[in-house]
Amino acid sequence: MSIKSAQEQVDDWIKNHGVRYFNELTNMAQLTEEVGEVARIIARRYGEQSEKESDKNKDLGEELADVLFVVLCLANQTGVDLQDAFEKKLEIKTKRDHNRHHNNEKLK
């Protein structure tokens, strides 16, 4: 699935099930909340914090999908073609960072 297709699917879902988009500030708050849930899982499962019994069944993939959903909502409601923006960003990062990362002693 392309990013463009994902944006279209989210838009269709909002129109058919979600009534309307939450406003941009509400979605920004939701994005922060969802990223926090991802951080909690990562910190406890892969970091040094102990994982509570109630957190052991949390699905990292599901939480990452929640982040993606809200990012796609924000892109749709602000008129951002995320496919195009991502491709441009990847090109910039490729040109800018290739040698830098290959020459970084910390990554060897």
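Residues are numbered from 1 along each chain as its sequence is written. In this predicted model local features need pLDDT of at least 70 and side-chain atom pairs count only at pLDDT 80 or more, while totals for chains, interfaces and linings use all residues, and side-chain values use heavy atoms, with hydrogens and water left out.

**View 1. Helix α3 and its ends.** Helix α3 covers residues 60-78, helices being DSSP runs of H or I with at least four residues, numbered from the N terminus. Its 19 residues should span 27 Å at 1.5 Å a residue, and the end C-alpha atoms are 27 Å apart, which agrees; the expected span is 1.5 Å times one less than the number of residues. At the N-terminal end, D59 caps α3 through a side-chain oxygen 2.8 Å from the backbone nitrogen of G61, and just after the helix G79 takes a positive phi of about 75°.

**View 2. The contact of α1 with α3.** The two helices pack at an angle of about 85°, with their axes 9 Å apart, which makes α1 roughly perpendicular to α3 (65 to 115 degrees). Residues of α1 including W13 and I14 meet residues of α3, among them F69 and L72, where contact means heavy atoms within 4.5 Å.

**View 3. D97 in helix α4.** D97 lies in α4 and, at 4% relative accessibility, counts as buried (under 20% relative accessible area, with a 1.4 Å probe and protein chains only). The side chains of D97 and R100 are joined by a polar contact of 3.1 Å, a term for a pair of N or O atoms within 3.5 Å, of which, within protein, one must be able to donate a hydrogen and the other to accept it, and residues adjacent in sequence count only if both atoms are side-chain atoms.

Definitions and conventions. Buried < 20%, exposed > 50% of the residue type's maximum accessible area, 1.4 Å probe, protein only. Axes fitted to C-alpha atoms, helices over the stretch in contact; angles between N-to-C directions. Parallel < 35°, antiparallel > 145°, perpendicular 65-115°, else oblique.
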